[in-house]
Amino acid sequence: MSFLWKSSNSGATEKTLTLEEQQQKIDELRKQLGEPSSVAIQGFLSDASILRFLRARNWNVQKASKMLKGAVKWRAAYKPETISWEDIAHEAETGKIYRADYKDKLGRTVLVMRPGLENTTSGKEQIKYLVYSLEKAIMNLTDDQEKMVWLTDFQGWSLGSTPLKVTRECVSVLQDCYPERLGIAILYNPPRVFESFWKIVKPFLDHETYKKVKFVYSNDKESLKIMAEVFDLDKLDSAFGGRNTATFEYTSYAEQMKQDDKKMQSSDTSSDASSEASFYSGTDSPNHGDGEANA
């Protein structure tokens, strides 16, 4: 039996690997990594995790090894598994990022982002909250899913809402440290002024990540079809054209996140979902240098 994985390189051809060939790649990469430096890193380096890095590098073991070593070094230094709700609760007060209480039609976790509700000025803390949210999104993925959906509402957004430095860091975290984790990113009703910002950001995205970004406008029936294709409109937030009138409520969300913290703390460190979720954070993203990472 063979699996067809799409190349992360815009000009490369697709590769078909059998399960046996995939395992050979995993074993080869493990040899290059050596012994893990901690229990947390050992838990992170599951076959499923290594496969994502290999796919992100189109099965090139040398490139995948370089990418994974950089990510592991980052994790070991920052120890993001120690981030708790209490550490980032102030960042969450406005609902600028939260995990939706619904999933898409494929069962993927949905992260709602509202950059127009930015309430802090520290890029370091903003990135920490994004990472915390990504960790919990991954932890709540079902066993048959490894990708998530980003749903961004641009109401109230201006050029001053999202500093370019923070945006670049977000892109780097996603592409370098979360390979094969993004299913689709929907930008809902971005204002005209966003066009100039997008022209600056677009070069930071690799080809595969760029293809996952979809623009949707509430006054464009054709683009709205994307929402109906991806979501059950009875569950989708009304702000995105759905029929769910529930809104973000800080107190209840805080309790939900505290429960997630407890689940992560008590989960087996060998669990790929837990260890993967506790992996990504930092104020400086790992620099892999070859510009081929994809989300």
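**Helix packing and an aromatic cluster**

In this predicted model, helix 3 (residues 47–56) and helix 4 (residues 61–78) cross at roughly 125 degrees, their axes coming within 8 Å. At that angle, helix 3 is oblique to helix 4, and the crossing in which helix 3 passes helix 4 is right-handed. On the helix 3 side, the contact is made by Ile50, Phe53, Leu54 and Ala56, which meet Val61, Ala64, Met67, Leu68 and Ala71 of helix 4. Sorted by class, the contact between helix 3 and helix 4 comprises nine nonpolar residues, with no polar and no charged ones.

Attention now turns to the aromatic rings. The structure contains 18 aromatic pairs. In one of them, phenylalanine 194 and tryptophan 198 have ring centres 6.1 Å apart and planes at 25 degrees; because planes under 30 degrees apart count as stacked, this pair is stacked. Phenylalanine 194 and tryptophan 198 both belong to helix 8 (residues 194–201), where four residues, about one turn of the helix, separate them. Both residues of this pair, phenylalanine 194 and tryptophan 198, are buried.

Tryptophan 198 also forms a stacked aromatic pair with tyrosine 210, at 6.3 Å centre to centre and with 20 degrees between the planes. Since tryptophan 198 sits in helix 8 and tyrosine 210 in helix 9 (residues 207–211), this pair ties together parts that are twelve residues apart in sequence. The two partners can be set side by side in terms of accessibility: tryptophan 198 has a relative accessible area of 12% and is buried, whereas tyrosine 210, at 36%, is partly exposed. Ring pairs join Trp198 and Tyr210 with Phe154, Trp157, Phe194, Phe197 and Phe215 in a cluster.

Note on methods:
Residues are numbered from 1 along each chain as its sequence is written. This is a predicted model: local features need pLDDT of at least 70, side-chain atom pairs count only at pLDDT 80 or more; totals for chains, interfaces and linings use all residues. Side-chain values use heavy atoms; hydrogens and water are left out. Axes are lines fitted to C-alpha atoms, for helices over the stretch in contact, and angles run from 0 to 180 degrees between N-to-C directions. Helices (H or I, at least four residues) and strands (E, at least two) are DSSP runs, numbered from the N terminus. Angles under 35 degrees count as roughly parallel, over 145 as roughly antiparallel, 65 to 115 as roughly perpendicular and the rest as oblique. A crossing is left-handed if the near helix is turned anticlockwise from the far one by less than a right angle, and right-handed if clockwise. Contact means heavy atoms within 4.5 Å. Ala, Val, Leu, Ile, Met, Phe, Trp, Tyr, Cys and Pro count as nonpolar, Asp, Glu, Lys and Arg as charged, and the others, Gly among them, as polar. Rings of Phe, Tyr and Trp (its six-membered ring) pair if their centres lie within 6.5 Å; planes under 30 degrees apart count as stacked, over 60 as edge-to-face and the rest as tilted. Buried means under 20% relative accessible area, exposed over 50%, partly exposed in between (1.4 Å probe, protein chains only).
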